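This report describes selected helices, residues and contacts. Please consult the sequence and coordinates alongside the text.

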Amino acid sequence: MSKLRNLVDKMKPTFSKGGKLSFLASTFEAFETFLFVPNTTTAKGAHIRDCNDMKRTMIMVIVALLPAFVFGCWWTGEQVAEACGLEWTLWNSFWYGFVRILPMVAVSYIVGLAIEFYFAQVRGHEVNEGFLVSGLLIPMVMPVSTPLWMVGVATAFAVIFGKEVFGGTGMNIFNPALLARAFVFFAYTPFISGEKVWYSDWTMMGAEKLSTDAITGATALEKLATSNAEVLQGTLTQATLGWEPLDAFFGFIPGSFGETSTLAILIGAAVLLFTGIASWRTMFSVFVGGLAMGYLFQVLGVTTYPAWWHLIVGGFAFGAVFMATDPVTSAQTNKGKYIVGFMTGALAVLIRVVNPAYPEGMMLAILFMNALAPLVDYFVVEANIKRRKNRVKTIK
Amino acid sequence: MSNKNLKYLTGPFSANNPVIVQILGICSALAVTVKLEPAIVMALSVTAVTAFSNLVMSLLRNGLPSRIRIIVQLVVIATLVILVDQVLKAFVYDVSKQLSVYVGLIITNCIVMGRVEAFALGNGPWASFLDGIGNGLGYGLILVIVAFFRELLGSGTLFGFPVLENDWFNLYACGYSNMGLMLFPPMALIIVGCIIWIHRSRNKDLQEK
């Protein structure tokens with residue numbers, strides 16, 4: 001370790017001001033702090049410091065994402081094996097999915113980090129670590145069949161227009177990973193929910209001939225959205241729906257790469273809550289909001305399936321745990337977190353049920369509440385000021 | 001042409017552009033830029049209206065009581081817009097159909113009345129006419145740039161001709177796909193934003209401190 005430290009120290013003057021490669025100062029700084037925890041301390045004012053700086057925080061989020069990632073790899077392979085009529089072992093399936101997703105992860109990291117480093121360099125900022133998480137989230141919220149160039153374009157769009165134009169990490173209004181998904185959703189709709197997704201076109205995965213009745217083409221959400229009519233006619237059965245609640249909870253349903261398994265996501269949630277990185281207020285109130293809205297629709301007779309189904313299908317759990325809790329784009333005040341979380345969940349179910357054009361409402365709900373979060377914060381702060389002012393008057 | 005007049009004509013192309021510096025006429029820049037052809041027709045129509053409304057109002061400026069100037073401006077601009085609309089319907093009917101209400105809405109284009117108010121009422125007819133043409137073309141320039149990218153990336157065509165696929169070259173076969181988002185107005189706003197971004201970073205005197 002000390003050899004590495006010496007090497008870094010030796011290289012430092014070259015990249016410092018006046019050095020030959022000083023134009024790469026941000027890049028050097030980024031790698032140095034990646035290797036060693038920086039020993040700089042705050043000079044002014046009172047600060048509470050712990051050893052958990054941004055890079056360590058982001059690594060914890062990635063650890064929390066791992067269960068869902070591993071499950072996504074295995075489940076991708078498992079589905080392909082089933083479609084092609086092959087008998088694959090656990091490891092085979094996992095390896096197949098891993099090889100499929102790896103290029104997407106690589107593209108998203110390379111494109112995103114290149115843009116981040118470029119902007120940091122031009123502006124003379126430090127390179128921020130926010131993209132370490134976004135870069136993994138982007139492939140996880142897309143179907144595994146998304147073309148690589150599309151992942152690259154979406155990542156570039158999300159990083160430039162979602163983040164850098166607002167001033168970089170910490171200044172963004174919208175969650176970059178969701179913005180990338182929203183971009184693909186609106187720009188290349190068939191590739192994310194339509195005939196170009198691998199559930200609809202199995203030849204993409206090398207399945208030449210397959211028994212079409214064995215594999216259903218629609219995701220669980222699309223089924224749910226179209227099932228209401230069948231329910232009213234009394235023709236909906238477990239078989240036409242294609243999945244059971246327990247399947248959806250464990251993740252044995254079609255969907256985007258990382259979003260299917262509620263169980264794996266809950267393990268990640270436990271990690272995030274245990275380390276105190278994500279806010280339990282947001283997470284909890286998203287689920288409450290979704291449940292409340294689901295019950296409302298159930299009571300009104302708009303939907304016939306139980307409200308809690310909403311929480312286990314599609315990207316609801318994934319969005320609630322990893323996207324809605326984004327410390328930058330979510331509300332900053334505690335009360336605001338409850339409000340924004342509740343409205344995110346409620347809005348997601350509302351969009352799912354009422355607008356059949358968007359079977360997945362979670363993405364749009366989170367992005368919408370991202371935009372509203374500063375407003376909610378503003379009113380929470382104003383209300384607090386007002387309350388305390390009144391208290392001052394009564395003492396007089 | 002004197003130096004001063006030349007400045008009236010060319011100023012709005014870049015340093016004083018009505019769309020990207022004065023931020024006027026944005027709504028029609030979003031609405032008519034899905035394809036290049038309507039964008040160019042729209043640009044020419046706005047240029048004609050701006051130029052002639054400037055000319056007419058400049059001629060009227062000395063005998064015009066200031067209290068009724070807005071209503072007179074409206075009459076002049078509305079007349080010109082109706083003229084343009086009829087000409088488009090007579091000669092380029094298809095494009096006129098595509099532009100639909102946006103030809104009529106030139107009346108409400110901030111650039112037209114803005115130039116009349118800000119320039120024509122205080123300057124001579126020739127200078128006003130040149131200023132009108134300059135602003136119309138400056139507006140048209142942005143329209144064409146936006147429409148170029150939106151048509152190329154959104155539909156894969158230019159002036160309706162497919163440019164990304166032909167006999168010896170087909171990008172779609174390589175897995176390329178048109179960007180549907182380009183057909184929506186928000187993307188036009190983002191392109192306009194990009195143009196402003198590049199323009200400002202190149203013109204130091206436009207940057208706020």
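## Conventions

The model is predicted, so local features need pLDDT of at least 70 and side-chain atom pairs count only at pLDDT 80 or more, whereas totals for chains, interfaces and linings use all residues. Residues are numbered from 1 along each chain as its sequence is written, while chains are lettered from A and ligands numbered from 1 in the order in which they are written.

## Chain A and its interface

Chain A contains 17 helices and 0 strands; both are DSSP runs numbered from the N terminus, helices being H or I with at least four residues and strands E with at least two. Of the 396 residues in chain A, 43% are buried. A residue is buried if 20 or more other C-beta atoms lie within 10 Å of its own, exposed if 12 or fewer, and partly exposed in between, with C-beta atoms placed from the backbone. Among contacts between residues at least 6 apart in sequence, 69% join residues at least 24 apart; a contact requires C-beta atoms, placed from the backbone, within 7 Å.

Between the chains, 7 residues of chain A are in contact with 6 residues of chain B. Helix H7 (residues 176–187) of chain A supplies the largest share of the chain A side, 3 residues. That side comprises 6 nonpolar residues, 1 polar and no charged. Nonpolar covers Ala, Val, Leu, Ile, Met, Phe, Trp, Tyr, Cys and Pro, charged covers Asp, Glu, Lys and Arg, and the others, Gly among them, are polar.

H1(A) has 14 residues and spans 20 Å from its first C-alpha to its last, close to the 20 Å expected at 1.5 Å a residue, where the expected span is 1.5 Å times one less than the number of residues. H1(A) is hardly covered, with 0 buried residues.

The axes of H1 (residues 2–15) and H2 (residues 25–35) of chain A come within 11 Å and cross at roughly 165°. Axes are lines fitted to C-alpha atoms, for helices over the stretch in contact, and angles run from 0 to 180 degrees between N-to-C directions. H1(A) and H2(A) are therefore roughly antiparallel (over 145 degrees; under 35 is roughly parallel, 65 to 115 roughly perpendicular and the rest oblique). Their crossing is left-handed, meaning that the near helix is turned anticlockwise from the far one by less than a right angle, clockwise being right-handed. A:Leu4, A:Val8 and A:Phe15 of H1(A) meet A:Ala25, A:Phe28, A:Glu32 and A:Leu35 of H2(A). This contact has 6 nonpolar residues, no polar and 1 charged.

## Two residues of chain A

A:Phe15 lies in helix H1 of chain A and counts as partly exposed because it has 19 C-beta neighbours inside 10 Å. Beyond its neighbours within four places in sequence, A:Phe15 is in contact with A:Leu21, A:Ser22, A:Leu24, A:Ala25 and A:Phe28.

A:Leu372 is located in helix H17 (residues 362–395) of chain A. With 16 other C-beta atoms within 10 Å, A:Leu372 is also partly exposed. Its C-alpha atom is separated by 8.0 Å from that of A:Val340, 32 residues apart along the chain.

## Helices H3 and H7 of chain B

In chain B, the axes of H3 (residues 36–60) and H7 (residues 110–118) come within 9 Å and cross at roughly 25°. H3(B) and H7(B) are therefore roughly parallel, and their crossing is right-handed. The contact involves residues including B:Val46 and B:Met57 of H3(B) and B:Ile111 and B:Arg115 of H7(B). By class, the residues of this contact are 6 nonpolar, 3 polar and 1 charged.

Notes
Two residues are in contact if their C-beta atoms, placed from the backbone, lie within 7 Å.
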